[in-house]
Amino acid sequence: MRLLLCGDVVGRNGRDVVVEHVPRLRRELALDLVVVNGENAAHGFGITDKICAELYGCGVDVITTGNHVWDRREIIAYIDGDPRLLRPINFPPGTPGRGFGIFRLADGRAVLVVNAMARLFMDAIDDPFAALDRLLTEHPLGAVAAAIVDFHGEATSEKTSMGHFCDGRASMVVGTHSHVPTADYRILEKGTAYMTDVGMCGNYDSVIGMRKENSVQRFVRKMPGDRLEVADGPATLCAVVVETDDASGLARAIAPVRIGGKLAPHWPDFARLMPAAT
Ligand SMILES: [Fe+2]
Ligand SMILES: [Fe+2]
């Protein structure tokens, strides 16, 4: 199975690059499931029902989020009615929406997708490790053909720990939230594909997708400064593609995808992908 996860979509130009390239990625990489983190899709803050429809329309199957999930309040009333839109699983009991879903492909294979949020330098929420442990015990590989974890967090140590914690129990654990792609994509010892952060779908001539002038001034002066606005200009699509083995549900290969904008392009070549550890 081939699975694609696109990093945080930031604003209109982030959405545009996803809508432009996901159909081709689906075709040329023979993707079975596409997950996109949409927490910054609405002008950098939150997501709306219209934006969900726009993403589904281009071939996105599941939308994950993170700390910005509720920035557009109208999504609170919408989320319970859309099982494909996830919020972090370790939000307190009673929070609207779902933290995971089991999605059936046309051929009947089931894929577990879960969204969890880290705690270091983030809001105080329930333990993401305990939440993942419970969920992966309830829906182990074998019962599902593949399991995708979007772990939304700031600290590389916490995200790497989650990778090892889920090693052998998930097909892939990929970090989001920092908006900066890391070079540590690899297959862990027991077969889980891992990348600390997949990066964003947004304009890199910016500070994590927002206009650089406003963002820089926040650090230069001890003042809140102007409102943060999404940086205009061409976006880079940052994603990661994982190929899994259907029998075990574990990863056979992982590679980054980078298209457009300011970052060096990278197109995965499956013939030359990093082989799974033997
Ligand atoms: Fe984000
Ligand atoms: Fe975030």
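Which residue stands opposite Gly101 in β6? I looked, and Val113 is the residue opposite Gly101.

**Ground rules**

I am working on a predicted model, where local features need pLDDT of at least 70, side-chain atom pairs count only at pLDDT 80 or more, and totals for chains, interfaces and linings use all residues. Residues are numbered from 1 along each chain as its sequence is written, chains are lettered from A and ligands numbered from 1 in the order in which they are written, and side-chain values use heavy atoms, without hydrogens and water.

**Entry: the sheet of 6 strands**

I started with the sheet that holds β5 and β6. The sheet is open, with mixed pairing and the order β5-β6-β7-β8-β10-β9. Helices (H or I, at least four residues) and strands (E, at least two) are DSSP runs, numbered from the N terminus. Two strands pair if DSSP finds at least two bridges between them. β5 (100–104) and β9 (186–187) each have a single partner strand, so these edge strands leave one side without a neighbour in the sheet. β5 and β6 (residues 110–117) run antiparallel and share 5 bridges.

Then I checked what covers these strands. Helix α4 lies across β5, β6 and β7, at about 165° to β6. Angles run from 0 to 180 degrees between N-to-C directions, with axes fitted to C-alpha atoms, for helices over the stretch in contact. Contact means heavy atoms within 4.5 Å.

**Entry: the aromatic pairs**

I found 2 aromatic pairs in the structure. Rings of Phe, Tyr and Trp (its six-membered ring) pair if their centres lie within 6.5 Å; planes under 30 degrees apart count as stacked, over 60 as edge-to-face and the rest as tilted. Phe129 and Phe151 have ring centres 6.2 Å apart and planes at 75°, so I logged the pair as edge-to-face. Phe129 sits in α4 (residues 128–138) and Phe151 in β7 (residues 146–152), 22 residues apart. Both Phe129 and Phe151 are buried. Buried means under 20% relative accessible area, exposed over 50%, partly exposed in between (1.4 Å probe, protein chains only).

Phe129 also forms an edge-to-face pair with Phe165, at 5.3 Å centre to centre and 80° between the planes. Phe165 belongs to α5 (residues 156–165), so its pair with Phe129 of α4 ties together parts 36 residues apart in sequence. Phe165 is partly exposed, at 34% relative accessible area. I noted Phe129, Phe151 and Phe165 as a cluster linked by ring pairs.

**Entry: the iron ions**

Which residues coordinate the iron ion (ligand 2)? I read off Glu39 (OE), Asn67 (OD1), His152 (NE2) and His177 (ND1), at 2.1 to 2.2 Å. Donors are N, O and S atoms within 2.8 Å of the metal (3.2 Å for Na, K and Ca); water is not among the atoms, so sites may look incomplete. The angles among the 4 donor atoms of ligand 2 span 87 to 144°, and the site is irregular. Four donors count as tetrahedral if all angles lie between 85 and 135 degrees; four count as square planar and six as octahedral if opposite donors are over 155 degrees apart and all others between 65 and 115; anything else is irregular.

Glu39 bridges the two iron ions, ligand 1 and ligand 2, which lie 3.4 Å apart. Glu39 lies in the loop between β3 and α2 (49–57) and Asn67 in the loop between β4 and α3 (74–79), so the pair ties together parts 28 residues apart in sequence. Both Glu39 and Asn40 are buried. Asn67 is partly exposed at 25% relative accessibility.

In β3, 5 of 5 residues are buried. Leu33, Val35 and Asn37 point one way, Val34 and Val36 the other. β3 pairs in parallel with β1 over 4 bridges and with β4 over 3 bridges. I found Thr64 of β4 as the bridge partner of Asn37.
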